[in-house]
Amino acid sequence: MNTYKVIEIKQSIFEDNDRQANLLREELKKDKTFLLNLMSSPGSGKTTTVLRTIEALKDEISIGVLEADIDSDVDAHAVAQTGTKVIQLHTGGMCHLDADMTKQGLVELGTEEIDCAILENVGNLVCPAEFDTGASKNAMILSVPEGDDKPLKYPLMFSIVDVLLINKIDALDYFDFDLEAVKERVKKLNPNIKVIPISAKTGEGIDEWADWIRTEVKNWNEK
């Protein structure tokens with residue numbers, strides 16, 4: 001007979017984070033600030049995509065950016081060059097952001113005059129998928145050089161995002177990447193996911209991506 005107590009620490013951590021995430025969403029709703037959680041592997045083109053997004057929407061939507069990284073400010077520096085308000089978040093070795101970390105960043109960023117806050121999460125396809133940041137919507141980038149089998153290897157990530165950007169489509173001719181296979185695989189995991197092929201380098205597909213953000217920001221403020 002066991003005389004000791006077993007505590008499911010991981011479950012407890014997730015439950016507490018989910019509560020904090022829901023509270024953060026309520027606060028953002030009151031502030032009329034849409035929070036987009038953007039995730040991907042390292043090198044997928046997150047920062048370049050963020051810069052393209054700012055360029056496409058800067059004249060109509062007030063954007064703020066939270067740059068999360070283990071230990072660097074390179075991406076925040078790049079965003080700051082556009083004149084966009086940006087905060088660098090150092091995770092101290094942690095491979096993800098949770099709701100409390102995100103809230104700390106938003107407090108420093110200030111959301112009073114921001115319509116859309118973009119959280120560029122830590123480059124990782126595992127941990128960020130497990131933690132609710134309190135975002136209004138989740139998006140991820142899969143770049144062509146990474147291969148079309150990523151939905152098979154990291155199903156959780158593809159199942160929790162609202163939109164998938166397939167980046168670097170300008171390089172399709174140079175890689176063995178089956179675009180239609182990716183669409184089929186992610187639709188099986190997540191029937192409601194929106195898939196948008198883009199090239200952050202050339203700008204192809206960015207208009208459709210910007211239209212998605214416009215619609216989501218409007219819907220967030222009208223609910």
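## Residue N37 in strand β1

In this predicted model, N37 counts as buried because its relative accessibility is 1%, where buried means under 20% relative accessible area, exposed over 50% and partly exposed in between (1.4 Å probe, protein chains only). N37 is placed in strand β1; strands (E, at least two residues) and helices (H or I, at least four) are DSSP runs, numbered from the N terminus.

Apart from residues up to four places away in sequence, N37 touches L119, N121, T133, A135, K137, N138 and A139, a contact being heavy atoms within 4.5 Å.

## Basis of the model

The model is predicted: local features need pLDDT of at least 70, side-chain atom pairs count only at pLDDT 80 or more, and totals for chains, interfaces and linings use all residues. Residues are numbered from 1 along each chain as its sequence is written, and side-chain values use heavy atoms, with hydrogens and water left out.

## Residue S44

S44 belongs to the loop between β1 (34–40) and α2 (46–57). S44 counts as buried because its relative accessibility is 1%. Beyond its neighbours within four places in sequence, S44 is in contact with I141, S143, E146, N167 and K168.

The side chain of S44 also takes part in polar contacts. Such a contact is a pair of N or O atoms within 3.5 Å; within protein, one must be able to donate a hydrogen and the other to accept it, and residues adjacent in sequence count only if both atoms are side-chain atoms. One partner is the side chain of S40, at 2.5 Å, and another is the backbone oxygen of S41, at 3.2 Å.

## Nonpolar cores

A nonpolar core is a set of buried Ala, Val, Leu, Ile, Met, Phe, Trp, Tyr and Cys residues joined through side-chain atoms within 4.5 Å. The largest one has 43 residues, and those with the most contacts inside it are I63, V65, L106, C116, W209 and I213. Helix α9 (residues 206–222) gives the most to this core, contributing 7 residues. A second, separate core has 18 residues, including F177, L179, V186 and I193.

W209 touches L36, T49, T53, A139, V163, L165 and I196, leaving out residues up to four places away in sequence. C116 is buried, with a relative accessible area of 1%.

## Helix α8

Helix α8 spans residues 179–189, and its residues L179, A181, V182 and V186 are buried. Viewed down the axis of α8, the buried residues fall within an arc of 160°, so they line one face of the helix; the arc is that of the directions from the helix axis to the C-beta atoms. E180 and K188, on the other side of α8, are exposed.

The buried residues of α8 pack against β5 (137–143), α6 (150–153), α7 (155–160), β6 (163–167) and β7 (194–197). At the start of the helix, a side-chain oxygen of D178 reaches to within 3.2 Å of the backbone nitrogen of E180.

## The disulfide

A disulfide is a pair of cysteine sulfur atoms within 2.5 Å, and by this rule the count comes to 1. The disulfide joins C95 to C127, with an S to S distance of 2.4 Å. The torsion about their S-S bond is about -70°, so the disulfide is left-handed.

The pair links distant parts of the chain, 32 residues apart: C95 lies in the loop between β3 (85–90) and α4 (99–109), and C127 in helix α5 (residues 127–130). C95 is partly exposed, with a relative accessible area of 25%, whereas C127 is buried, at 17%.
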